[in-house]
Structures are given as structure tokens and as C-alpha cells.
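User: Hi, could you walk me through this structure? I am new to this, so please take the topics slowly.
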Amino acid sequence: MQISLNPGSLTLDELQLIHAGGAGALTLGAAARAAVRASAAVVQRAARGDAPVYGVNTGFGKLASTRIGEADLAALQLNLIRSHSVGVGEPLSPPVVRLMLALKAASLARGASGVREEVVDTLLAVHNAGLVPFVPSQGSVGASGDLAPLAHMTLALLGEGEFIVDGARRPAAAAACLREARLPPLKLAAKEGLALINGTQVSTALALHALLSFEPVLESALVIGALTVDAARGSDGPFDPRIHALRGQPGQIDVARYYRALLAGSAIRHSHLEGDDRVQDPYSLRCQPQVVGACLDQLRHAALVLLREANAVTDNPLVFLDDGEGEAGRPPGRPKAGRAPSGGSERSERGGIILSGGNFHAEPVALACDAMAVAIAEVGAIAERRIAMLIDAGVSRLPPFLTPDAGLNSGFMIAHVTAASLASENKSLAHPASVDSLPTSANQEDHVSMATFAARRLQPMITNVARILGVELLAAAMGIDFLRPLRSSAPLEQAHAALRQRCPAAMHDRYLAPDIEAAAAMVAEGSIAAVLRALPHRPALWVPA
């Protein structure tokens with residue numbers, strides 16, 4: 001499959017395809033190429049001029065007042081990449097690196113960064129060849145861009161960095177990756193190194209990776225939560241649409257709709273419509289639409305923020321073209337050059353102006369990721385409470401700890417402890433990263449976003465939630481087994497059967513850790529989510545119905 005990048009208009013579906021490695025070739029249209037050429041011409045004229053222009057013929061950060069001669073401009077950009085390739089830690093995963101390459105190419109292709117077509121073409125060619133630059137995961141504070149990780153990505157394009165080949169780090173020169181893909185090492189011109197490493201593409205890619213990875217986990221949480229309702233012989237009354245319409249929260253309304261569809265036709269529910277002396281269910285059952293729906297609303301907001309950021313131009317300085325450069329040089333929605341404001345952060349050139357600003361500051365991404373972290377933690381927290389309810393015979397009216405011979409057997413007693421430990425761990429990880437700013441670059445960069453860590457810490461949180469839900473899936477399925485011969489709804493029986501194909505019922509104590517990992521894998525990989533996705537007329541997850 002081929003995706004023609006439309007800079008500024010990437011969709012979430014396209015990003016998901018790139019993330020999954022199913023995009024095939026990424027291409028760029030003629031209109032975008034004209035804008036790239038026009039902005040590059042403005043920068044090249046500035047590079048030949050006498051006046052200092054930040055990032056073009058000056059040093060960087062605190063060294064911005066240092067003027068660089070024309071003969072050293074190429075060396076300036078190369079030195080920038082070498083000196084900034086100082087990341088540490090485990091490498092970013094291939095899906096994240098694929099997104100980085102695509103997002104950086106799409107941003108530069110909007111024609112506001114002043115780079116040549118060769119730069120964009122190299123990014124696309126590396127993606128299309130399936131090459132994965134080695135990019136350490138730690139070392140960015142998310143302001144002045146994701147400098148260190150993007151520098152590592154760029155260094156590989158220059159033939160000096162490293163690639164991941166068959167799971168191992170290989171020097172770019174020794175690995176011959178570029179040569180085998182018939183790609184010459186990129187040679188940088190004025191401003192191009194800065195344009196490549198300024199920007200929020202790493203934090204945005206990490207955040208999108210988390211959003212897309214959490215989708216099947218969240219869908220599984222809805223299926224498993226419904227299964228727990230039936231296992232505990234809970235009521236479907238709290239999911240009545242009239243209740244949720246009065247509040248008007250779209251996520252809550254949609255989650256309640258999911259639960260009604262998942263529980264419809266359950267013989268277990270029908271069996272206790274009358275004669276049940278319980279008046280109300282615990283909050284972990286009846287408040288699922290209110291809790292998970294609120295989480296869904298937060299994630300939907302984050303998806304909108306991240307989609308905007310994926311389409312944004314976030315390097316610095318930026319080039320704004322005069323009308324004389326033609327319509328292709330100023331795409332729809334792109335402001336024209338106009339007159340340069342007074343001050344020292346701009347430079348007028350024939351064909352446009354160069355303005356220095358701060359789009360590289362990743363605060364929007366950091367705040368979105370902090371909201372995602374809280375939502376992810378809450379999905380796991382309420383799932384842990386449902387497990388606690390299931391093993392408590394006084395509440396669930398199931399055998400104690402979900403074992404028929406409690407005392408001789410401990411059942412799910414310690415499986416719940418595992419879930420509790422993971423939920424507690426997520427509470428710590430959910431602490432907002434965006435409030436922890438440390439000044440860098442001799443106080444030139446005196447407020448930073450910490451967006452890269454804010455996004456990176458989401459992945460272990462998602463893994464924790466998948467494991468909590470794996471424990472709940474096993475526990476809820478045991479609850480259903482104890483209610484036989486009564487049967488749940490068709491969708492929930494499908495989920496139960498899928499689990500039982502991999503994990504038999506635990507009617508006595510046995511080694512349960514492999515079952516937890518197997519159930520967690522079903523949650524993360526989408527086997528349980530498939531039940532939800534098969535529902536007719538199901539509301540879209542990331543877009544309110």
C-alpha cells in the first residue's frame with residue numbers, strides 16, 4: 001500500500017497504518033515539493049548574506065550570538081548533529097521510529113523549514129526501505145525539540161550513526177544499510193541539521209504509540225468489565241441510556257451503550273431479575289460508564305491534540321513565503337510572509353521572511369500525555385477493584401477467592417495482590433511529568449516540557465493495565481464457570497470461550513502465572529477486543545458517536 005503524504009492533513013488512520021508497518025511506500029506530491037523548494041531558496045539566500053540569522057549562520061542556544069562564516073556553514077550543521085547525539089537507554093521500538101521518520105518528513109514538507117527536497121526524500125526513502133535508525137529512548141526534555149533522539153535519527157541518515165539490524169545495533173557505515181538500499185548519505189546544507197532535530201516528532205510518536213497500543217486494551221476492558229458484571233450477577237439497570245443522557249458526557253454515553261450491547265440476551269442476567277435482595281451494585285460495577293467514559297473522553301481529547309501535533313511545523317526558525325512565490329509556496333491555511341516585526345528574532349529575505357519562535361516546546365504533548373496517564377491508570381484501578389469484589393464472597397456471592405475448596409486452595413487470593421501491586425505502580429507513574437521543568441543550556445532554555453518522558457512512561461503503564469485486566473479476565477471467567485449451566489450473552493460467551501482455549505478453569509491451585517501472561521497477551525493483542533469490534537453499530541472509540 002502507498003500513502004501520499006498530504007502535509008498538514010495526515011489522518012489518524014494513516015498514522016495507525018504507518019505505526020503498524022503497513023504503509024508500504026510514503027510519497028510526496030508536487031504541490032508540497034514546490035513549497036519546499038521555495039522555502040529552501042529563502043534560507044539559501046540568507047546563508048549567502050551578511051546579516052546573522054539564527055540557525056542559518058549562527059551558533060545555537062546560548063551560543064546564538066556567535067556568527068559563523070559561510071565556509072563553515074555545512075560543518076556547523078554536521079557538528080550540531082554529532083554533538084547532540086548523546087542519548088542513552090534502550091532503543092526506541094521500530095513502530096515509534098517509523099512514526100518519527102514520517103512525522104518529520106511531513107513537517108518539513110509543509111515548506112516552512114527551509115530544507116531542500118533531498119532532506120525530505122531521504123527521510124521517506126529510509127522509511128520505505130524498512131530501515132530503523134538506532135535512537136536511544138532517554139535524553140530529551142521536550143523543549144528546543146526532541147534534540148538528542150532526533151540527532152541520533154539524523155546521524156544514521158548521514159551514514160555516521162547506527163541502525164538496528166536483526167535486533168542488534170550496527171554502525172551505519174559497517175552495516176551498509178544505506179548502500180544496500182541505494183541511498184547516498186545525506187549531506188546537510190544551511191539550517192537543515194537544526195530543522196531535523198528541532199521539533200516534537202519523538203514525543204508525538206511515543207504518545208501516538210501509546211494511544212494506538214492502548215486501543216485494544218481499552219476495548220478489552222469494556223468486554224471484561226461486562227463479563228464481571230455477569231459473573232457477579234450484577235444489574236444492567238445502571239447502563240440505561242436515560243441516566244447517561246441526563247449527564248450528557250459523550251464518553252459515558254458511549255461506554256454505557258457498549259455495556260448494554262455486550263450484556264444483551266444474557267440468561268445469567270435474566271435469572272436474577274426477580275428475587276434478588278441486593279439493592280445496588282458496588283461502584284466498580286455500576287459506575288463503569290462514568291469512570292471509563294471519563295477516561296475515554298480524556299483519551300479522545302489527547303488523540304485530537306496529537307493529531308494536530310503530528311501535522312504541525314515545530315522546528316525553529318520558520319520561513320514564511322511572499323505571495324510572489326506562487327500558490328504552491330503557500331498552501332491553504334499557511335500564512336503569507338507579510339512584514340517582519342521589529343526585534344532580533346526575524347530576518348527578511350527576497351521571497352519571504354525567517355521568524356524565530358518556540359513551536360519546538362512540547363507542552364501540548366506533555367499535557368496530553370499526563371491526561372492519558374491518569375486515564376490509563378484509572379482503567380486499571382477500577383479493574384483491580386472489580387477483581388477484589390469477585391474474590392470477596394460476601395459481595396460477589398461466589399466461592400471465596402473463586403475456588404471451590406477454599407482453605408485447601410487459595411484460588412485467586414494472590415493473583416489479586418499482583419493486580420493491586422500493578423495498580424499502585426501505575427498511580428506513581430501517573431504523576432504529571434509536565435510540572436517538572438529543569439532549565440537547560442545555561443538558562444537559555446529555562447522552561448521545558450518533559451514531554452518525551454511523559455509519553456515514554458505510558459508504555460509500561462499500558463503493560464500493567466493489560467496484566468491487571470488479564471487477572472480480571474481469568475477471575476470473571478471463573479465466576480461464569482461457577483454459574484453454569486446458565487449462560488451469559490453471545491458476545492461474552494465468545495470472550496469466555498476464547499480464554500478457555502488458552503487457559504483452562506482453575507478448579508484447584510496450580511501454577512497460574514503463565515495463565516496471567518496468556519490472558520494479558522489476549523488483552524494487548526486484541527483477541528478480547530475483537531468481541532467488541534464485532535458488535536453491530538458500535539460507536540467509534542476515538543470519535544464520539
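User: To start, in which loop is the place of Pro317?
Analyst: Before anything else, please keep in mind that this is a predicted model. Pro317 has its place in the loop that runs between α15, residues 288-310, and β7, residues 318-321.

User: And what is omega for the peptide bond from Asn316 to Pro317?
Analyst: Omega is near -5 degrees there, and the peptide bond from Asn316 to Pro317 is cis. Another cis peptide bond joins Arg484 and Pro485, where omega is about 15 degrees.

User: Where is the place of Pro485, then?
Analyst: Pro485 is placed in the loop between α20, which covers residues 458-482, and α21, which covers residues 490-502.

User: Let's stay with the backbone. What is phi of Arg397 near?
Analyst: Phi of Arg397 is near 60 degrees, which is a positive value in a residue other than glycine. Arg397 is found in the loop between α17 and α18, and with a relative accessible area of 44% Arg397 is partly exposed.

User: Is Met450 buried or exposed?
Analyst: Met450 has a relative accessible area of 12%, so Met450 is buried, and Met450 lies in the loop between α18 and α19, the latter being residues 451-456.

User: New topic: the inside. Which residues touch the most other members of the largest nonpolar core?
Analyst: The largest nonpolar core has 170 residues, and those touching the most other members are Met100, Phe214, Leu218, Leu390 and Phe412. Helix α10, residues 201-231, gives the most to this core, with 18 residues. There is also a second, separate core of 5 residues, which includes Ala112, Leu318, Phe320 and Ile353.

User: What does Met100 touch, if I leave out residues up to four places away in sequence?
Analyst: With those left out, Met100 touches Leu92, Val135, Pro149, Leu150, Met153, Gln201, Val202 and Ala205.

User: How many cavities of 30 Å³ or more does a search of the whole structure find?
Analyst: The search finds 1 cavity of 30 Å³ or more, and the largest cavity has a volume of about 30 Å³. As background, rolling a probe the size of a water molecule over the atoms shows where empty space is left.

User: Which residues line the largest cavity?
Analyst: The lining is made by Phe412, Leu474, Met478, Arg500, Pro504, Ala505, Ala506, Arg510, Leu512 and Asp515. Sorted by class, this lining has 7 nonpolar and 3 charged residues, with no polar ones.

User: What about cysteines: how many disulfides does the count come to?
Analyst: The count comes to 0 disulfides. Cys295 is in no disulfide, and the nearest cysteine sulfur to its own, that of Cys287, is 13 Å away. Cys369 is likewise in no disulfide, with the nearest cysteine sulfur, that of Cys295, 16 Å away.

User: Why does Cys295 count as buried?
Analyst: Cys295 counts as buried because its relative accessibility is 4%, which is under the 20% cut-off. Cys369 is buried too, with a relative accessible area of 0%.

User: Now Thr403: where is its place, and what does Thr403 touch?
Analyst: Thr403 has its place in the loop between α17, residues 393-396, and α18, residues 413-429. Not counting residues up to four places away in sequence, Thr403 touches Asn409, Ser410, Gly411, Phe482 and Met507. Thr403 is buried, and its relative accessible area is 1%.

User: Last one: is Pro184 buried or exposed?
Analyst: Pro184 counts as exposed because its relative accessibility is 61%, and Pro184 lies in the loop between α8, residues 177-180, and α9, residues 192-197. From C-alpha to C-alpha, Pro184 and Ala368 are 38 Å apart in space, while they are 184 residues apart in sequence. Another exposed residue is Ser428, with a relative accessible area of 57%, and Ser428 lies in helix α18.

How values were computed
Residues are numbered from 1 along each chain as its sequence is written. This is a predicted model: local features need pLDDT of at least 70, side-chain atom pairs count only at pLDDT 80 or more; totals for chains, interfaces and linings use all residues. Side-chain values use heavy atoms; hydrogens and water are left out. A nonpolar core is a set of buried Ala, Val, Leu, Ile, Met, Phe, Trp, Tyr and Cys residues joined through side-chain atoms within 4.5 Å. Buried means under 20% relative accessible area, exposed over 50%, partly exposed in between (1.4 Å probe, protein chains only). Helices (H or I, at least four residues) and strands (E, at least two) are DSSP runs, numbered from the N terminus. Contact means heavy atoms within 4.5 Å. On a 1 Å grid over the protein atoms alone, a cavity is a set of points where a 1.4 Å probe fits but cannot get out, and a pocket is an open set with protein on both sides within 12 Å along at least five of seven lines; lining residues have an atom within 4 Å of a point. Grid points are joined across faces, edges and corners, and a volume is the space filled by probe spheres set on the points. Ala, Val, Leu, Ile, Met, Phe, Trp, Tyr, Cys and Pro count as nonpolar, Asp, Glu, Lys and Arg as charged, and the others, Gly among them, as polar. A disulfide is a pair of cysteine sulfur atoms within 2.5 Å.
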